[in-house]
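My notes are below the structure.

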Amino acid sequence: MRNNTVIDVVIIGGGIAGLWTLARIRQAGYQAVLFEAEHLGCVQSGASQGIIHGGTKYALTGKLTHSAQSLQQMPQRWKDCLDGQGEVDLRQAKKLSKYQYLWSNKSMASRITGFFASKVMTSRMQHLQKKDFSAPFDQTDFNGELYRLDEPVLDIQSVIEAIREQFSDFIFQREVKGITEVSSDNYQINFSEQALNKTHRLSAKTLILTAGAGNEKLLAGLNYSQPKMQRRPLLMPMLKAKKNILPKMYAHCLGASALPRMTITSHSLSADQTVWYLGGEIAEQGVGRTIEEQVKCAKKELQNLMPWMDFSQCQWSALAIDRAEPKIADGSRPVEPAVFRKNQLITAWPVKLAMTPIMVDKIIDELEAAGIEKNAQSLPLDDKDSGLMPKAQTSQLPWEKVQLWL
Ligand SMILES: Cc1cc2nc3c(=O)[nH]c(=O)nc-3n(C[C@H](O)[C@H](O)[C@H](O)COP(=O)(O)OP(=O)(O)OC[C@H]3O[C@@H](n4cnc5c(N)ncnc54)[C@H](O)[C@@H]3O)c2cc1C
């Protein structure tokens, strides 16, 4: 890279937010590159359950909340991308499941049935008859209700890889240590180590921070007091076993609140091993427990919810991870993606993976409002420099990184 390289748009952070932004804005004609500190998707995105919500899960209080409404279009937008008809080409990405399921035990059943019969929900939800139940609900001991929701679950690693492959020339592995605001349209990017000689500089005319929890540190380094961020921690249990013990399932167990008591997604660990990854109340309530304590609680809860199953052959672990979001005064969950702009510095959090397309719409509106040029010129990074600045690769998934299963 030459001294004082200036790039029109620099994106910091290679989770789903940064990658989707890169894809959309490069396609729109902006000159842009992305820097990722480690591996693409290595924090929240790769740890997500891959559920593309259309809001139904949040509508369980009995009405379509604001959050549910803004999510409604998302499954179709993502499906268009998977079919090659959407804003980002995801034809190489994989769907784990076309549907999500909702199940309730007997005591919840009447309330749920009444609600789903309402006209708000009938178009999106199908009440299944016993003869249509598949594993693990096809057992006589299961006496609850089962609903099928037309909202997909995606293999997020393959989504990230699909975007990486298309834009790999513009995605570099390098931690941004800090930013110096030289002027309102000149942001000097400071890296953790210099690949080239000490006099080398890289600047951005426009900067987009999509570094998840990393946004907080980057903003603090600039002495920006806004926007503020919050973390909502989770301790996600996971269990692995042979495929015949853990059938593939993508289901929310309904509890007394709008938050599912447990959300189970399944992922292949090897040709003959499946992982169940557990979210919902169990992951929120587990914060503060040790991994051993959380495993004990998860075993008990899973056995309560699915008494007909035998988990004795499973091995267990848990992942501690924070959701990073814009700050809400009472610490509650934000309902929509957040995009803030000060001069030519944009900070964004999608809040939900599913809502990333809405977040990027807002970023593009901001680029247009700021009058950022669409620059057809090639990138001022030559081959030699690209070689010195390594290309970022896609991360392993959390269960692939577990060192010790209990
Ligand atoms: C356990 C869990 C399950 C979830 N499940 C779902 C789900 O099923 N459906 C759904 O819609 N949403 C889900 N979410 C929410 C969703 O995962 C997040 O909203 C989304 O992934 C956030 O993406 P992001 O790109 O903003 O952040 P991240 O994925 O965290 O990416 C930020 C990236 O920035 C990089 N970075 C940080 N600092 C720097 C720096 N200084 N320089 C360079 N790079 C930097 C990091 O290494 C990281 O790769 C879940 C979240 C969690 C935690």
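I am working on a predicted model, where local features need pLDDT of at least 70, side-chain atom pairs count only at pLDDT 80 or more, and totals for chains, interfaces and linings use all residues. Residues are numbered from 1 along each chain as its sequence is written.

**Overall count.** I looked up the secondary structure first. The chain has 13 helices and 18 strands. Helices (H or I, at least four residues) and strands (E, at least two) are DSSP runs, numbered from the N terminus. Next I checked burial. A residue is buried if 20 or more other C-beta atoms lie within 10 Å of its own, exposed if 12 or fewer, and partly exposed in between, with C-beta atoms placed from the backbone. By that rule, 42% of the 406 residues count as buried. Then I took contacts, meaning pairs whose C-beta atoms, placed from the backbone, lie within 7 Å. Among contacts between residues at least 6 apart in sequence, 71% join residues at least 24 apart.

**Ligand shell.** Which residues are closest to the ligand? I found Gly13, Gly15, Ser48, Gly212 and Gly214, in a shell of 39 residues that surround the ligand. Helix H1 (16–27), strand S2 (32–36), helix H2 (44–47), H8, S12 and strand S16 (315–326) each give two or more residues to the shell. By class, I read 20 nonpolar, 14 polar and five charged residues. Here Ala, Val, Leu, Ile, Met, Phe, Trp, Tyr, Cys and Pro count as nonpolar, Asp, Glu, Lys and Arg as charged, and the others, Gly among them, as polar. Domain 1 (5–45 + 159–229 + 331–401) and domain 2 (61–81 + 101–152 + 231–323) each supply at least three shell residues. The domain bounds come from an automatic or database domain assignment.

**Helix H8.** H8 spans residues 214–221, and its buried residues are Asn215, Leu218 and Leu219. Why do they sit on the same side of H8? They cover an arc of only 100 degrees around the axis. The arc is that of the directions from the helix axis to the C-beta atoms. An α-helix has 3.6 residues a turn, so residues three or four places apart point the same way. The buried residues of H8 pack against strands S1 (5–12), S9 (176–183), S11 (202–209), S12 (229–242) and S18 (345–349). After H8 comes Asn223, with a positive phi near 60 degrees.

The core draws at least three residues from each of domain 1 and domain 2. I listed the partners of Leu278, leaving out residues up to four places away in sequence: Met236, Pro237, Met238, Met262, Ile264, Ala283 and Ala298.

**Cis peptides.** I found a cis bond from Ala135 to Pro136, with omega near 5 degrees. Pro136 is in the loop between strand S5 (125–127) and strand S6 (145–149). Gln226 to Pro227 is also cis, with omega near -10 degrees. Pro227 lies in the loop between H8 and S12.

**Positive phi.** Asn343 has phi near 50 degrees. It is in the loop between strand S17 (338–342) and S18. Is Asn343 buried or partly exposed? It counts as partly exposed, with 14 C-beta neighbours inside 10 Å. Val351 has a positive phi of about 70 degrees, in the loop between S18 and helix H11 (356–369). Val351 counts as buried, with 23 C-beta neighbours.

**Ser395.** Ser395 is in the loop between helix H12 (383–388) and helix H13 (398–401). Ser395 is buried, with 24 other C-beta atoms within 10 Å. Its contacts, beyond four places in sequence, are His39, Leu40, Gly41, Cys42 and Gly46. Ser395 and Gly15 are 380 residues apart in sequence, yet 9.9 Å apart in space, C-alpha to C-alpha.

Methods: Contact = placed C-beta atoms within 7 Å. Near = placed C-beta within 6 Å.
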